Amino acid sequence: MSRRSLLLAAASLAAAAGPLAGTARATGRTPKVLVIGLDGALLSRIKDADAPHLDALMAAGLTAPSSIYANPLAPTMSGPGWSTLITGVWPDKHNVKDNAFTGHRFDRYPDFLTRIETAKPSLTTYAVSSWAPITDTVFSARVDTRVSTPSAEYDTGTTARAVAQLRDGDPDAMFVQLDNIDHAGHSDGAASQAYLDAIHTADAQVGQMVRAVASRPAHADEDWLIMVTADHGHTDAGGHGGSTLPERQTFLIATGTALAPGTVRHDVKMPDVAASALAHLGIAIDPAWNLDGRPVQQPQPDDFDALRPQLTARTDETGIPASLLGYTHTPPPGWSVDNSAMGTGGVTEWRGWSFTTDEFWTQAQRDQQRESNLRARGVFAVADGDEWHDKAVTGTFDSTLVSPAHPVTGGGTATLTYTTYYRHESPQKGEVLVSYDDGTPVTVRTYTADVPSRTETVALNVPAGARTARVLFRYTGTNNWFWVIDGVRLSWS
């Protein structure tokens, strides 16, 4: 298929999707989902390779680079990676720690095709993979069709089966996994020509699937969401499983309803693939499912994410690439940082609360569990006493992040929610305080022990007569660990 033909096919898919989420439903088009997994693929190398079909999909829709965990949560291996993508939850929930799948919790956190079968059993689901554990273990027997391609056929057979199903069948939700990019990474390394050649081959196979979708007789009456993703990255020399940023890299390329052409986003995470598929098919995500993913069609930016254009390069850090823009001390409008009690000296990047990204922060020092900051997205706030102490300091770390004043109703109730991740070492403390009408802050939560990455909910009883509330996050310590805050929201009734 020529590059021009693929561009036209991708453009056709984007045009058929329409600009608004409600368009397909309003015109009666049938929603359908195709997820294509490229094992071990690096987005940066896709951009380097001769990959016209993937390039066309990026031009027609969304491109979202992202990063994943590392040990001790789970190594950057296929078992945890595919399980995260397919179930919509991180390894601390699905409990897949390696490629043996021992102790998995797929009964509690099933794959997205199984959720589709449960919610809408009339829909047709199909999964085919070149790596058999995906279709043998991760996807359940409730899926209508699961095919583990014979190893002798490998990605050629997987592609042929996927194309045949798209051309001759009527799938509502499909998952396809191609394996050879990962094979090339292991044998020759991600910096090799062999790896680029494997991307080129996989790109042609993706093109066959996209053409099969666009050529369907009923295509004009269908609303396709196509997502391309990867389970992990690779080192230049070859291999994965460790904590380097290339091993922790993944991405989402997506075309479909509500995804504007040429969009690049930094708030998308690995579990969003499953959530996005469910949402596109009109399946409401039950809070009881406890998913970590959220639909890409429904972005939820917070105040910190607006700081991305202000991020600057390193100042004192040496392990972070000099070209990477990744931190600022300037808070968003309405926010402030009180460093009046903060010590002096130390590493500039981490003096008091900073606003940063996973890519920047985790490279300050690997293997100290910064990679376990799973649930913060995009730009987040961090107080890192450990990294601040890597240069001479006087005094202690004592910094307070202060929110804007939110309107509240006196005598009523309010709910504070935020994403947090706190690693503790005494003497150290994290305090969440609330100040009503800029009065004396009241402590509503204290951290003096490790807290894994999670979303916190704090119920607030608003004093009678109060009209505003500010939230304060105070971190105190010496050469200790760190505290992450993101997604702060205050609602009231």
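Strand E12 (residues 354–356) and strand E13 (residues 380–384) run antiparallel and are joined by 3 bridges. The model is predicted: local features need pLDDT of at least 70, side-chain atom pairs need pLDDT 80 or more, and totals for chains, interfaces and linings use all residues. Residue numbers start from 1 along each chain as its sequence is written, and side-chain values use heavy atoms, without hydrogens and water.

**Sheet**
- Ser354 stands opposite Val382 in E13.
- Strands are DSSP runs of E with at least two residues, and helices are runs of H or I with at least four, numbered from the N terminus. Two strands pair if DSSP finds at least two bridges between them.
- An open, antiparallel sheet of 6 strands has the order E9-E12-E13-E22-E17-E20. Its edge strands, E9 (327–328) and E20 (451–461), each pair on one side only.

**Aromatic pairs**
- Rings of Phe, Tyr and Trp (its six-membered ring) pair with centres within 6.5 Å; planes under 30 degrees apart are stacked, over 60 edge-to-face, the rest tilted.
- This rule gives 22 aromatic pairs. Tyr69 and Trp90 are edge-to-face, because their centres lie 6.0 Å apart with planes at 85°.
- Tyr69 is buried at 0% relative accessibility, and Trp90 is buried at 2%. Buried means under 20% relative accessible area (1.4 Å probe, protein chains only).
- Phe101 and Phe106 form a tilted pair, 6.5 Å centre to centre with 55° between planes. Both are buried.
- Ring pairs link Trp353, Tyr418, Tyr422, Tyr447, Phe473 and Trp483 into a cluster.

**Charges over rings**
- A charge counts if NZ of Lys or CZ of Arg is within 6 Å of the ring centre and within 35 degrees of the ring normal.
- Arg115 lies over the face of Trp289, 4.5 Å from the ring centre.
- Arg423 lies over Trp481, at 3.9 Å.

Conventions. Buried < 20%, exposed > 50% of the residue type's maximum accessible area, 1.4 Å probe, protein only.
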